[in-house]
Amino acid sequence: MMMVSLLANAQTARQEFKENIYRSGSNYYAYPGPIQEKLTDTPIGYEPFYISHYGRHGSRHLIENSDYDKAYKPLLRADSLGKLTYFGKDVLRRVTIIRDDANKRHGELTWLGAQQHQGIAQRMYERFPEVFAGKVRVDAKSTVVIRCILSMENALHALLRLNPELDIRHDASEHDMWYMNFSDRKLDKKKMPEDVKAKYDEFCKRHQHNERIMRSLFTDDNYWQHEVNTQELAYHLFKLASNLQSTELRHEMTLYDIFNEDELYDQWLQTNTWWYIHYGPCPLNGGVSPFSQRNLLKVMIHEADSCLRIPHPGATLRYGHEVCVMPLACLLELDNFGKPIEDLEMLDKEGWHGYKIFPMGCNIQWIFYRPTNGNGDVLLKVLLNENEAKLPLKAVEGPYYKWNDFREYFLKKLDSYQE
């Protein structure tokens with residue numbers, strides 16, 4: 001009865017977009033901060049003493065010239081031929097401003113991205129002050145990408161302001177990329193085989209309705225029908241609209257007025273489904289994509305084993321990318337995100353919403369607790385984007401699990417994967 005009630009009360013993405021349209025941006029959703037303001041009380045007789053973390057860089061500009069040009073150039077060409085409506089000209093004006101703002105800053109962290117990581121670090125400190133007390137060690141690593149390095153530095157500066165005695169070691173090296181951002185080429189080839197691509201293409205065709213958008217932008221139906229790649233243009237306008245929230249231009253303009261509710265929802269559906277197939281537990285391709293983060297999970301488990309032997313281990317912080325956070329969340333089966341869903345049309349109804357996993361600045365935190373008298377099991381709580389998450393294990397109480405149970409379950413799961 002409780003499960004029926006939960007499903008009945010669960011909101012669809014369409015409903016959640018009405019509350020906050022920015023969620024439709026999927027991986028471009030700017031980090032909203034924790035939904036859960038008050039965490040579950042620590043079990044009696046326990047205290048937090050170690051944190052292991054992996055997080056995505058904060059908000060950024062889009063990565064490539066083409067991310068801007070595939071919206072800008074078709075509109076510019078149409079304008080030169082007198083084919084843009086008054087609204088189309090205004091969209092071109094806004095796209096030009098957005099494109100110029102990102103010039104020579106492609107993929108770079110924005111000021112909002114820096115603020116996100118300062119806030120995440122500060123809340124980590126305030127929620128678990130025992131972990132950061134005194135001259136304790138904080139070991140931080142980043143991938144070699146500058147937006148990740150700057151995210152790490154902003155987080156560490158926030159921690160140092162709160163406790164100048166912290167012993168902070170930080171690094172960003174190719175030496176660690178084998179687990180910090182592992183690229184599994186063999187597994188990548190299995191993500192979208194021809195039969196799965198055919199199903200995805202069919203899914204997308206059912207959700208591509210761009211005629212009204214094109215008529216709002218162009219004066220001549222014959223022109224956009226024959227001279228414009230309508231789906232590519234609509235997608236890149238949606239991409240710009242989504243990422244605008246990560247820049248300071250969000251205070252001045254929007255591009256969401258290009259889309260109505262149905263069009264916005266359809267664009268999100270296609271993106272959300274793409275991510276589910278490529279990095280989620282999609283049964284159509286065998287459901288093994290989350291194992292792309294097997295190296296990261298192994299390292300996190302083994303480093304935790306070492307740190308738990310130290311009286312005051314502090315924290316291990318890692319800064320990388322959404323292509324690691326999303327599959328790691330699925331590999332850990334956090335909440336409902338490890339669920340295999342055969343019918344792509346059911347992802348929304350089943351609650352598989354990528355924006356809940358991997359917004360800009362998304363993070364997974366393992367919080368370790370030990371008995372204050374030194375006798376008893378080490379407990380673990382996992383936070384997804386600073387909210388308590390459920391694991392596929394028997395809990396001791398609330399969101400608290402035995403570390404040994406966690407360790408045994410996931411090492412066995414990792415051993416089951418055949419490369």
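Which helices do the buried residues of H9 pack against?

1. The model is predicted. In it, the buried residues of H9 pack against helix H8 (185-191) and helix H13 (261-279).

2. Helix H9 covers residues 194-206, and its length is consistent with its residue count: 13 residues at 1.5 Å a residue should span 18 Å, and the end C-alpha atoms are 18 Å apart, which agrees.

3. Val196, Tyr200, Phe203 and Cys204 are the buried residues of H9. Viewed down the axis of H9, they fall within an arc of 95°, so they line one face of the helix. An α-helix has 3.6 residues a turn, so residues three or four places apart point the same way. The exposed residues Glu194 and Lys205 are on the face of H9 turned away from its buried side.

4. The structure holds 26 aromatic pairs. One of them, Phe291 with Tyr417, is stacked, at 4.6 Å centre to centre and 10° between the planes. This pair links distant parts of the chain, 126 residues apart: Phe291 lies in the loop between H13 and helix H14 (294-307), and Tyr417 in the segment after helix H16 (403-416).

5. Are the two partners of that pair buried or exposed? Buried means under 20% relative accessible area. Phe291 has 10% relative accessibility and therefore counts as buried. Tyr417 is buried as well, because its relative accessible area is 13%.

6. One aromatic cluster is formed by Tyr50, Trp366, Phe368, Trp403, Phe406, Tyr409 and Phe410.

7. A charge-over-ring contact involves Arg14, whose charged end sits over the ring of Tyr265, 4.2 Å from its centre.

How values were computed: Residues numbered from 1 in each chain as written. Predicted model: local features only at pLDDT ≥ 70, side-chain atom pairs only at ≥ 80, totals over all residues. Heavy atoms only, no water. Helix = DSSP H or I, 4+ residues; strand = E, 2+ residues; numbered from the N terminus. Expected span 1.5 Å × (residues − 1). Buried < 20%, exposed > 50% of the residue type's maximum accessible area, 1.4 Å probe, protein only. Arc of directions from axis to C-beta. Contact = heavy atoms within 4.5 Å. Phe/Tyr/Trp six-rings, centres within 6.5 Å; stacked < 30°, edge-to-face > 60°. Lys NZ or Arg CZ within 6 Å of the ring centre and 35° of its normal.
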